[in-house]
Each structure stands twice: as C-alpha cells, then as structure tokens.
Amino acid sequence: MNESQVLSSAPKELFIAGSWRSGENGARFAVEDPATGEPLCEIADGTEADALAALTAADEAQAGWAKCPPRERSDILRRAFALIAERTDELAMLMSLEMGKALVEARGEVAYANDFLRWFSEEAVRIHGSYSVSPNGQARLLTMRQPVGPCLLITPWNFPLAMGTRKIGPAIAAGCTMVVKPASQTPLSMLALGAIFAEAGLPAGVLNIVTTTRPGPVIGPLFDDPRLRKLSFTGSTEVGRALATRAMGRVLRVSLELGGNAPLLVFDDADLELAVDQAMMAKLRNMGEACTAANRLYVQAGVVDEFARRMAARMEQLRLGRGVEPDTDLGPLIDAVQRDKVHDLVTDAVERGATVVTGGEPLAGPGYFYRPTVLTHVPAASRLLAEEIFGPVAPIVSFATEEEAVTKANASEYGLIGYVFTRDLNRALRVAEALDTGMVGLNQGVASNAAAPFGGVKQSGFGREGGAEGIDEYLSLKYVGIGV
C-alpha cells in the first residue's frame, strides 16, 4: 500500500462496545505529520460521555470475559499476532506517518509490539494458584489469581503500537476488559490495533478505544467511577504523579512507567567499537524520544576523546528526512514544542561551557527536525544532565574511577535503566548491582524484551510490564482457608 491507501484504510472513529462510532458531539481533530507539519487526516475527538460509555461497555463485558477459558483468550492473542505479522508494512507506514520514525525502525517496533501478544498468549494458560497444608494441620490453604477487572490504559505517543500491546496483551490474557486512551499525536496505530483485535475475534466491549484532545476532562470522571479497578499509565513523571494521586482517591491498582534519564557508562577496558555502536542505538532509538534513551554518557578519561570523536563521526553520517522515505536514518521530533525544548537544553549547556562537537541546532523546516548532536565538557550544572532530553543529543562527561562513575550515574531522581560497557566481568557485576535502576543493559544498547520485566525505580515509576511478572499487574490474589 502507498501512503494514501494506508491512511484511507485506517479507522478514524472511537471503538466502543465492538462498534466504530463518532464522538458524542461529532467533534474531530487533525493528526499531524511531524515531518511536514501538515495534517494527515481527521479523527473523532471523544468526550466525557464517550469515555463513560466505553467504561460501561467494559464493565458489562467483564464478567463474561473473566469466565472465558484461558485457551480461548490465548488463541485470540495468537490470531492477532498473526494478523499483525501479515500487515507489518502497512502498520509500519502508518506509524511512520503519524510519529515520524524511519520505516526500518517502525518495522522493528511492529515486531517488538507483536512479541508481547505472542508472549502473553503463552502466559494466558499459565495463571497458577497454590494449595498447601496449614502449619497446625487443621486447615488447607488455597490461593487463586483472578482478573482485576476493568482497566484504564493510557499510552504515550513515542511507541504508539508497542506501548499498546504491552498493556493490552496481559490484560486480555488475565481476563480483564479495558478502556484505552492513546496519545492525541499518534492515535492511528492504536485504532488500527483495535480493528485487528476485532478481526481476531475479541468479544465486543473487552477493548474500547477513546481518542481525545482533552484527556483531563474526558477521562477524569472515570477515576470517580467505582466500576474502574485499575490504571496503567506510560508517560511523563509529572503527569504520572498527578494520575497516581487521583487513583489513590479510590485505591485503584496502579502501574506507572514514567520518565527516565539513563546513564551510559563506558570504561576504558570496553570494546570501544561495540560501545559506540550500541551507544548510538541507546541514544537515537526513536530519535532519542524514548524513556530508555541514553541521556548521560559517562566515559572514562582514557578513552573519552576517542569515544566522542567516533560518535560524532557516526552522527554526521545520518540522513534526516521523512520516516516513510526509504533512505531516511533519522526522522523528525514529534512537534515544535519538543524540538524547542531540546534546543533550550542544548543552549543551556553551551552557555555553561559545553563544547559542541557536532550538531547543536534545529533544521529550518518544514517539520520538526533537530541535528544529531554530541556535546563534550558538559558542566555538572547543565539542565540536560538532570532533565529528560527526548531528542538526538548525546552529552559526554568524563570520569576517572568506577566509584565516581556510579555516583554520577545514580545522581538522578530517575531510575529506569542504565547501560554499562566493560570487558571486566567482576566490574560488570559490581556496577550492575550498584546502579539504582530497574534495568541494566550490559554491553548492549537495547535491553527491552517482551520476555523480560520492564520498569524502573524512584521517579521512573513502579510495576513491571512484560516477562512472567507482566501479567501479575492484571491479577488479584485471593486466599481461601478450608477447614478440615
């Protein structure tokens, strides 16, 4: 399919109770191409009434869905997996159009997103309980795990398909129904996913999708509704804190995957070619617009100059352009606000004394492009060492000792992931244990895996997505005491 065919075939309405419908007031909003600044299409702009209708549909479907045999839930996930695999190219193009990432990377996200459906199709039939004898022998102790109930799933714009399947997959496997609110910048991928699940045989009301430009007023009332049992949110720490506060008013189950400011540590015994190659991946995945992006690159003094030189040379070879063009290496940032924020952080660092090795400026446009940037001699007080950059900017800081590197890496309110490059096994284990993060990439720049638990500590959130732990977020543990 070409661009126009992909866009024309993409759903553009709300998905509630198994039907596509316009919003309550008929309002629509434009989805923009960040590479041009031009609208791609218009979709339904949902209201509070639409969100409540979606929750009603989820609530009405919950009892029946919870009783659905695990094998049937597994089969639905597996059929959805097969459909996504068949339509990889169309889904990748749709994602590239609305989000900006290069097609090769968009295809990678489709595969990564689909892995969650395959993984949780297997986990659906492995929801276990336990049976034991009480210590005094006078009772039997039975435990069982049951679906939490209707969930509100809020997904971000930077990985519009993968962040959807990472939440929807375990919810379906566990027997939960849901209302999904995708980001207004990138709603098309989620709507396409809704259509695929309907085709795969997911019963009406299990998955409901509400798109809106007014998330606060539209989904806010759901937090006051006793039918809602869980919130899962991926996004900024600031918004996550506010949502968690609201959720605690009704003691909802909460999972939060929030911001990150990942340190990347390169020791002088590291394979420098590997470290640069993997640092490029850790820094530039999704144009740097990833919570897992390496934002603070700490390189040991003996190799820091050579590392910076090699990384800058790699950055300068990248071709910027529309993601859907076959020769594009790096696409645009999501919007003007994000582009300007990235430049403000770079400007602040330079004004404090940082050296620009390459890049350091936005492109004139159209679109929201920023030149891949390497900075050295970055002062400790620079904002970009404390704030999440979300752009193609690599600030490099020198360190002398292992202790100094760990201290600098942990000097952040965030704790999602850290990266370590060294050939020394003992050092690798020491540093991995010492990093105050939920995940560590050891001699690799991409650690995300559907079979592994994804999540952080400190201000990066709590709960885990993926792995054997991922389905637990959607299950409640019940204990039954049996007298004998």
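Is Arg427 buried or exposed? In this predicted model, Arg427 is buried, with a relative accessible area of 14%, where buried means under 20% relative accessible area, exposed means over 50%, and partly exposed lies in between (1.4 Å probe, protein chains only).

Because the model is predicted, local features need pLDDT of at least 70 and side-chain atom pairs count only at pLDDT 80 or more, while totals for chains, interfaces and linings use all residues. Residues are numbered from 1 along each chain as its sequence is written, and side-chain values use heavy atoms, with hydrogens and water left out.

## Salt bridges

Side chains of opposite charge can pair when their charged atoms come close. The structure holds 28 salt bridges, a salt bridge being a side-chain nitrogen of Lys or Arg within 4 Å of a carboxyl oxygen of Asp or Glu. Three of these pairs are set out here.

| Pair | N to O distance | Relative accessible area |
|---|---|---|
| Arg427 and Asp269 | 3.3 Å | Arg427 14%, Asp269 22% |
| Arg319 and Asp329 | 3.1 Å | Arg319 46%, Asp329 31% |
| Lys408 and Glu404 | 2.8 Å | Lys408 26%, Glu404 27% |

The salt bridge of Arg427 with Asp269 links distant parts of the chain, since Arg427 sits in helix H14 (residues 425–434) and Asp269 in the loop between strand S12 (262–266) and helix H10 (272–284), 158 residues apart. Helices (H or I, at least four residues) and strands (E, at least two) are DSSP runs, numbered from the N terminus.

Elsewhere, Arg166, Lys167, Glu257 and Glu465 are linked in a network of salt bridges.

## Two packed helices

Two packed helices are described by the angle between their axes and the distance between the axes. Helix H6 (residues 162–174) and helix H7 (residues 188–199) pack at an angle of about 30 degrees, with their axes 11 Å apart, and H6 and H7 are therefore roughly parallel to each other, a label given to angles under 35 degrees. Axes are lines fitted to C-alpha atoms, for helices over the stretch in contact, and angles run from 0 to 180 degrees between N-to-C directions.

The contact, which means heavy atoms within 4.5 Å, is made by Gly164, Thr165, Ile168 and Ile172 of H6 together with Met190, Leu193 and Phe197 of H7.

How values were computed: Angles under 35 degrees count as roughly parallel, over 145 as roughly antiparallel, 65 to 115 as roughly perpendicular and the rest as oblique.
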